[in-house]
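Thanks for coming. Please look at the sequence and the model on the screen, and I will walk through a few parts of it.

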Amino acid sequence: MLRFNMILLLIVVVCALGVVTSQHRARKLFQAVEAEQERARQLDIEYGQLQLEMSTWANHPRIEKIARERLHMVAPDALGRVVKADPAAGRRGR
Amino acid sequence: MVVRRRPQRGHRFTESPVLQLALQGWRSRMVGLLLMGAFLALVGRGFYLQVINNDFLQQKGDSRYLRDIEISASRGKIVDRNGDMLAVSTPMKTIWAIPGDARQMSGEQKRQLAGLLDMSVRELDARIAVEKTFTFIKRQVSPEVADRIAAQKFPGVHQEKEYRRFYPTGDMTAHIVGFTGVDDKGLEGVELAFQNSLLGRPGSRTVIRDRRGNIVEDVGATRPPQDGKDVRLALDSKIQYLAYSQLKEAVEKHNAKAGGAIVIDTRNGEILALANWPTYNPNNREKLSGAQLRNRAITDTYEPGSVMKPFTAALALERGKVRFDTVINCAPGRMTIGPATISDAHPHGALTVAQVIQKSSNVGTAKIALGFSPKEMWDLFDSLGFGQAPNLGFPGEVSGRLRPWKNWRPIEQATMSYGHGIAVSLIQMARAYTVFARDGELMPLSLIKIDDAPPRGTPIFSPQTARELRAMLEMAAGPEGTAPKARVPGYRVGGKTGTAYKVEGGVYARKYVASFVGIAPISDPRLVVAVMIDEPTAGGHYGGDVAGPAFSQITGGALRTLGVPPDAPVQVAAADSGKGKL
């Protein structure tokens, strides 16, 4: 009887230690997840900022200014244009 | 047998005299009771802590390590039909302070902080001189600057994340996109109109933090944040730029007070461009005047002038009162109705109905209009949407002014037929022209991109009438018409000029509103383009001279952007092109 109890006690202690370690590991992993999620958020923010920057650089007035002043481009006249028809634009779907 | 008994040197334990002492029984019971009492006290205390006072203690414990964190949600983006950004939120920092703590900063620290925040030390002192527990030092500080401030560890200075709205397209789309206040509250334009769907709803979660402030566990319910929904406008930023830059050029060239331009896709009523001048930069709204803020195309009315004429002509054709080539005598260019006389800018002789529109004869139009009862005219204007707000969901839409027909006098009915005595907004006028572009259907307009089937229009005229009107409008934009400058190389276009006197204090002043509303291409209309220039003072004041060229540039560029195949031989127009915008 005594031996049986001792075995049970041992099992209980082992289980208790197991709970402690797994809780610890779970928290470590949770922290890692948190850190990654934070990184994802940061990257998302950075993506937004880069998009903003891109649209600031690519705005039409700036493009026209550079095309005209730096690259000395001109718009072609009607003769120099080839209009590629958008198939949807040709006929009205009615 | 002699039993030698061991001499008794003591007593047997049980006979110990001490035991013989008769202790009073209550003493042992007393000890027992005391111990029991103490034990009960412990149990009682335990019960008190664990059961009765549990909530309070649990709360105290939680407050040591449980934290509610708010998860911020960002405001939705506003993008154009191709996904180009028109308004984006990006995180910034707010620098705030606990004034009592912040006053402990040394002079050197104050100078540093003020320098980083681009403010004077005196300003900073004023901010932290208040007797409060919280004060803003500066809002919307860039993350880089905020990081440098955090690194300095100024006493009592803290920071918090917030969002700031940026408008990459700036003044070009200012009126339609609008702007938000500092707390993500839409104040103007689409930002205000779609405030509810743009607004993000922050979430929250309850977590356990360890001693170092790391989050170690999620407990309880988390409420996920809901980011605001993106709004995709029908606007095409290329066409918008075109409209904006051409409008600006026209306003500056003619030294005008203001102007507006609208481009509508006739297939589904989408607003592809809506520009106003003067405008403002929504990213920097320090010195704004009401004139800059006004979205004239939607919130201002004007007397449209001759742009109105085609509707009267269409009604006459529709009712069979006249035909395309019915001759109307417009000589001698004047006409007296009751006490008033109306006149043409250039006197004409006999004109067909088509020529009345082409040459824009007031007398001719008035003669056609007087063939109707006031109610018939009123019904026409009403069905075209004049006198009603256009229902775009845009803040500040005006309904214009269309007086009830019961007290119209004949002179009023005549002047209304050529656009005086009736006030409309530019967007109402552009919308009304969809009836000619759409074979007689009036289209509802949409600021938002339409992905599913186009909405149904309301039939006003028969397709036959619309086709005949298109032919008249093409004549008006032809070499013999009032707006030869509105022609577009490579495309057949049609439209009507308007040169209206402005009403000031109830009388007509020598100030004009020049406008042009047109349709292109005529063979299969795709666009309605409306241009309005308010008070041109240099280089002419006629709609054809002032608004016509801008119409031509905007329409040509927009048609090419949309990939609409040319429907006119290019050679015809090659001579007067070549100055096109990109």
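A term to begin with: a crossing is left-handed if the near helix is turned anticlockwise from the far one by less than a right angle, and right-handed if clockwise. Helices here are DSSP runs of H or I with at least four residues, strands are runs of E with at least two, and both are numbered from the N terminus.

This is a predicted model, in which local features need pLDDT of at least 70 and side-chain atom pairs count only at pLDDT 80 or more, while totals for chains, interfaces and linings use all residues. Residues are numbered from 1 along each chain as its sequence is written, and chains are lettered from A and ligands numbered from 1 in the order in which they are written.

Now the helix pair. In chain B, α14(B) passes α21(B) in a right-handed crossing. On the α14(B) side the contact is made by Pro310(B), Ala313(B), Ala314(B), Leu317(B) and Glu318(B), and on the α21(B) side by Thr465(B), Glu468(B), Leu469(B), Met472(B) and Leu473(B). Contact means C-beta atoms, placed from the backbone, within 7 Å. Sorted by class, that contact has seven nonpolar, one polar and two charged residues. Nonpolar covers Ala, Val, Leu, Ile, Met, Phe, Trp, Tyr, Cys and Pro; charged covers Asp, Glu, Lys and Arg; the others, Gly among them, are polar.

Next, the loop between α13 (296-299) and α14 (309-318) of chain B, where Ser306(B) lies. An unreviewed UniProt entry annotates Ser306(B) as "active site"; such annotations may be inferred rather than shown by experiment, and positions follow the numbering used here, with feature names shortened.

Is Ser306(B) buried or exposed? Ser306(B) counts as buried because it has 26 C-beta neighbours inside 10 Å. The cut-offs are 20 or more other C-beta atoms within 10 Å for buried, 12 or fewer for exposed, and partly exposed in between, with C-beta atoms placed from the backbone. Leaving aside neighbours within four places in sequence, the contacts of Ser306(B) include Ser360(B), Tyr418(B), Lys496(B) and Thr499(B).

Last, chain A. Chain A has three helices and zero strands, in the pattern α-α-α along the sequence. Of its 94 residues, 1% count as buried. The unreviewed UniProt entry gives residues 26-53 of chain A as "coiled-coil region". That span is 100% helix and 0% strand, and its end C-alpha atoms lie 40 Å apart.

Technical notes. Two residues are in contact if their C-beta atoms, placed from the backbone, lie within 7 Å.
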